[in-house]
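Dear colleague,

Please find below a structure that I am handing over to you. A short account of what was found in it comes after.

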Amino acid sequence: MVAPTSVQARAARLREQIEWHNYRYYGLDDPAVPDAEYDRLMQELRTLERDYPELVTPDSPTQRVGAAPLAAFAQVRHDLPMLSLDNAFDEAEVVDFDRRIGERLKLGQVDYVAEPKLDGLAVSLRYEHGHLVCGATRGDGYTGEDVTHNIRTIGAAPLRLRGKGYPPLLEVRGEVFMPRQGFARLNERARERGGKTFANPRNAAAGSLRQLDPRITAGRPLDLFCYGVGVVTAGALPDRHSDILLQLREWGLRVCPEWRRVEGVAGCLEYYRGLQARRAALPYEIDGVVYKVDRLAQQQELGFVARAPRWAIAHKFPAQEELTRVLDIQVQVGRTGALTPVARLEPVLVGGVTVTNATLHNADEVRRKDVRVGDTVIVRRAGDVIPEVVQVVGERRPADSRPFEMPTRCPVCDSQVLRPAGEAVTRCVGGLYCRAQRKAAILHFASRRALDIEGLGDKLVEQLVDREQVQSPADLYGLDVATLEGLERMGRKSAVKLLAALERSKATTLERFLYALGIREVGEATAQALARQFASLEALLAADEDRLQQAPDIGPVVAAQIRAFFQEAHNREIVQRLRAAGVHWPAPAAPAIDRPLTGKTFVLTGTLNGMTREEAKARLQALGAKVADSVSKQTSYVVAGAAPGSKLARARQLGVTVLEEEALVELLSR
Ligand code: 5U1
C-alpha cells in the first residue's frame, strides 16, 4: 500500500522532531520534552512505518537496531591513522611539553584546549553527505573493526548530521564509554544472575561495542563523546580546535561539556587540578586530561613524531588499579543480615588513597574470581565506590592456598545463615539479636537521609551497642551526658553536642521516619510513596497487604515485608517508644483526598492508539489508581489495546472487567 502524501509528511515531521529531541537530549544535555512524549513520537513513527514499510529509511530513528548479527567483523582501513598520545605522568613533564612547543613555535605562550581523557574505546564515525555510513574501532591505529551496526544503536551517535555546511565527507573521532551508573547496574544484574561481571567501565564498553549481535549492544548503556576529526573533504572547518568542537556540537554530535580553552601551561595545570578534584563526581570515568594546541596552523607546524602528534599530550591521573596481597578474607554482616566477604589487604596507595579492604560481594563472586588468602591481586578504586578486587595474579599464588568458604553460621552472633534458592546473598537470620545488624540498623536510623543525627558515627555506635547501652534506635533518646562522657573519644562538649543533635532529630517527616525504620525493601522512594498514600502512621499500620499495594510501585513482595515488619511486636514497641520519646512529624494537613480511582488497580496490555502505555499509566495514577504489571483477583480492570498479550486471557479466566481503549479514554476524561 502506497502511503498517502499526508502520511509521508507526518512521518518526515516525526523524524525531524525525534532527531531534534535526540540532539537536545544527547548533544546539548538539555531534554526539551519528558520521556513519555518522546516515546509517544517514536511509537507513532513505528506504527506508520509498520503500516507503510516503504516509508522506512535507513537513518530513521526507528532503525537503530536494524541489522542482523554478523558472522565476523570486517576490517576498516583508516585513511588517516588514528594516532595515540604521548603521556605525561607529572606536572614537570607537562612543563617540558609546553617548553618544547614554545621553542618550536618561537612563542612565549601558547593557547591550548584541555579536555577530559575518557576511559573508553576510541572510534571513528564516517559521515557522507551527513549520513552515518561507517563506525570503526581504532584497532592498531591503521586498521580497525567495522562496528557500524553497533555504533548505530548508541543514541548519542546521530544517524544524520543536523544543520548545514558539513563537508560531504566528515570523519569524526571520539570515545565510546559506559557511564558509571550504567556500568554498576550492568554488573549488578550480572551478579544477580550469577553471570560474568566486567572489571571496569572500559572493559564493559569494549565488550559491548565488540558484539556481533547489535541487539546485545543496544541493551548496554553506551555513550559517546566526540573530540576531533579525521578525514574531511572539500569543506572548510574552523581554524581552531576549540571552534571545531563547537561546530561538531552544532552538527548534532555529542561533545564532552568539560572542555575549556586555556592559556599557557599555567592554564593547563589549573584545569588539571580542578578536574582532578571533581573527577569522582563526574558521571563517567576519566583517566587524565588531554592538552591540545588550539590553532590548527600551529598543530600543522608542529607535526608528528612516530605515531603521536607533537601538539597534544595526555596528562594522566594517578592509577586507579594497583597490585597488593590478600592478608585475610573476613565476612561482614550488614543491616539486612547479608554476609559480605571482604578482602583485608596489604595497604596500598591507589589513586592517592590508601586501600586496606576490598569487597568481594558474595560467595559466587569469590568463587568466580577464585580469590584466596595469600594471593596477589589487582585492586581497583574508582570514584567514591568501595574498592574491588578485579582479578588474581595466578602466577603469584602461594602453593598452600585454600579456596574461601562461606561460613555456615553467622560470624557475629552464631545464628544460622540461609541462602534462598536463586539468590546470590547469604543472610544471617538473627535479626536484631545479631549485634552487627543492630549496629547497622542504628547507623541507618541516624544517617543523613533518615533522622540525620549529626555526630553519631560508627565508632560511637560500636561502643554503645557493645556496652549494651543502646539496643535499638529508641534507646538513643534515653542517653544522657554521663553515659556519653564515659565513652572513648567523647568529651563533655561532644556529649552535649550529640544530645542536642538527638533533640533536633525528633522533628522529622513521616517519610524520613519510615525510611529510618530500615524495613526491608523500603528505600527512600517507597517510604515517600507510603507517606503520600497513607498520610499518617496510623493509616499505614492499619493497612493490609491489598491496601498497601494501592500505593504507587508497591507490589506484593514489598507489601508483605511492610506487613511482616509491623506485625512484629518488637518493632511496634520500638515505634511506640520513639513516638513517646518525642519523635514527631507534621500531621496531615487534611484527610487524604480520595481521588476518583483510589482503590482501583489497573493492568495495561497491548498497544494503545492514542497514547503510550506510560502516558496511560501516569494519567491513571494521577486519578489515584494503582497500575500493576500482572493480573490477579485484586485487579479491578484490564485495559486491552491492540495485540494484547496473555494478560487478557488471564483477565477473562479470573472474570476481571476488560476495558477497551475507548472506555479508558472515557474514564480518563470523566
Ligand atoms: N579528549 C581526547 N581524548 N583523546 C584521545 N582527545 C583526544 N585526542 C586524541 C586521543 C587519542 O588523539 C588526538 C590528539 C590525535
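This is a predicted model: local features need pLDDT of at least 70, side-chain atom pairs count only at pLDDT 80 or more; totals for chains, interfaces and linings use all residues.

Residues are numbered from 1 along each chain as its sequence is written, and side-chain values use heavy atoms, leaving out hydrogens and water.

The largest pocket holds about 1,200 Å³ of space. (On a 1 Å grid over the protein atoms alone, a pocket is an open set of points where a 1.4 Å probe fits, with protein on both sides within 12 Å along at least five of seven lines; lining residues have an atom within 4 Å of a point.) Its lining comprises 43 residues, with Leu83, Arg173, Tyr227, Val229 and Trp311 nearest the centre. By class, 26 of the lining residues are nonpolar, ten polar and seven charged. Strand E8 contributes the most to this lining, with seven residues. (Helices, H or I, of at least four residues and strands, E, of at least two are DSSP runs numbered from the N terminus.)

Turning to the helices, the axes of H12 (residues 435–446) and H13 (residues 458–466) come within 10 Å and cross at roughly 135°. Arg435, Arg438, Lys439, Ile442 and Leu443 of H12 meet Asp458, Val461, Glu462, Val465 and Asp466 of H13, where contact means heavy atoms within 4.5 Å. The residues of this contact are four nonpolar, no polar and six charged.

Yours sincerely

Conventions:
Grid points are joined across faces, edges and corners, and a volume is the space filled by probe spheres set on the points. Ala, Val, Leu, Ile, Met, Phe, Trp, Tyr, Cys and Pro count as nonpolar, Asp, Glu, Lys and Arg as charged, and the others, Gly among them, as polar. Axes are lines fitted to C-alpha atoms, for helices over the stretch in contact, and angles run from 0 to 180 degrees between N-to-C directions.
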